[in-house]
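Here's a quick briefing to read alongside the model. Have a look at the fold, then work through the notes by topic.

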Amino acid sequence: MGPDDIPFVFIQNLPFKAKEILLKINNELLIQGTLPNHWKQAIVVPIPKNGQDLHTTGGYRLISLLNTMSKLIENMVNHRLVYS
């Protein structure tokens, strides 16, 4: 989970009507060409690399935990681009 603390399973288990509403919201955001600023935030977690110097930045791999809603809209756009 990212900064929004929404597990993806929560979105998956929404009733059909709620998913339709989410689709309308995301479509409107795409039409407007904007995203809420908090959807652009991420939690960055440093993961140590094996055998690397942990006292330097090169000794870590950064993992970004993104907001569930931003990942959802990203998947929607990707699906539409690949489908075309």
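Asp-4 sits in the segment before H1, and with a relative accessible area of 21% it is partly exposed (that label covers the range between buried, under 20%, and exposed, over 50%, using a 1.4 Å probe and protein chains only). Its C-alpha atom is 8.2 Å from that of His-38, a residue 34 positions away along the chain. Keep in mind that this is a predicted model, where local features need pLDDT of at least 70, side-chain atom pairs count only at pLDDT 80 or more, and totals for chains, interfaces and linings use all residues. Residues are numbered from 1 along each chain as its sequence is written, and side-chain values use heavy atoms, with hydrogens and water left out.

**The start of the chain**

- Asp-5 also belongs to the segment before helix H1 (8-12); helices here are DSSP runs of H or I with at least four residues, strands are runs of E with at least two, and both are numbered from the N terminus.
- The backbone of Asp-5 is worth a glance, as its phi is near 55 degrees, a positive value in a residue other than glycine.
- For context, most residues other than glycine have a negative phi.
- Asp-5 counts as exposed because its relative accessible area is 55%.

**The largest pocket**

- Which residues line the largest pocket? They are Ile-11, Leu-14, Lys-19, Leu-22, Leu-23, Asn-26, Leu-72 and Met-76.
- Two elements give two or more residues to this lining, namely helix H2 (16-32) and helix H3 (68-83).
- H2 gives the most, with four residues.
- By type, the lining splits into six nonpolar residues, one polar and one charged; Ala, Val, Leu, Ile, Met, Phe, Trp, Tyr, Cys and Pro count as nonpolar, Asp, Glu, Lys and Arg as charged, and the others, Gly among them, as polar.
- The volume of the largest pocket is about 160 Å³, taken as the space filled by probe spheres set on grid points that are joined across faces, edges and corners.

**The salt bridge**

- The structure holds one salt bridge, meaning a side-chain nitrogen of Lys or Arg within 4 Å of a carboxyl oxygen of Asp or Glu.
- The partners are Glu-20 and Lys-17, with their closest N and O atoms 3.6 Å apart.
- Both residues lie in helix H2, three residues apart, or about one turn of the helix.
- Glu-20 is partly exposed, because its relative accessibility is 30%, while Lys-17 counts as exposed at 54%.

**The nonpolar patch**

- Ile-43, Ile-47, Ile-63 and Leu-65 make up a nonpolar patch on the surface, and together they have about 280 Å² of accessible area.
- Patch members have over 30% relative accessible area and no salt bridge, and nonpolar side chains (Val, Leu, Ile, Met, Phe, Trp, Tyr) are joined within 5 Å.
- Strand E1 (42-48) and strand E2 (60-66) each supply at least two of the patch residues.
- Ile-47 is in strand E1 and is partly exposed, given its 36% relative accessibility.

**Loops**

- Leu-35 is found in the loop between H2 and E1, and it is partly exposed at 32% relative accessible area.
- The C-alpha atoms of Leu-35 and Lys-71 are separated by 12 Å, with the two residues 36 apart along the chain.
- Gly-58 is in the loop between E1 and E2, and its 39% relative accessible area makes it partly exposed.
- Gly-58 and Pro-48 are ten residues apart along the chain, and their C-alpha atoms are separated by 9.2 Å.

Notes. Patches are made of residues with over 30% relative accessible area and no salt bridge: like charges are joined within 9 Å, nonpolar side chains (Val, Leu, Ile, Met, Phe, Trp, Tyr) within 5 Å. Accessible areas come from the Shrake-Rupley method with a 1.4 Å probe; for residues, only the protein chains shown count as cover. On a 1 Å grid over the protein atoms alone, a cavity is a set of points where a 1.4 Å probe fits but cannot get out, and a pocket is an open set with protein on both sides within 12 Å along at least five of seven lines; lining residues have an atom within 4 Å of a point.
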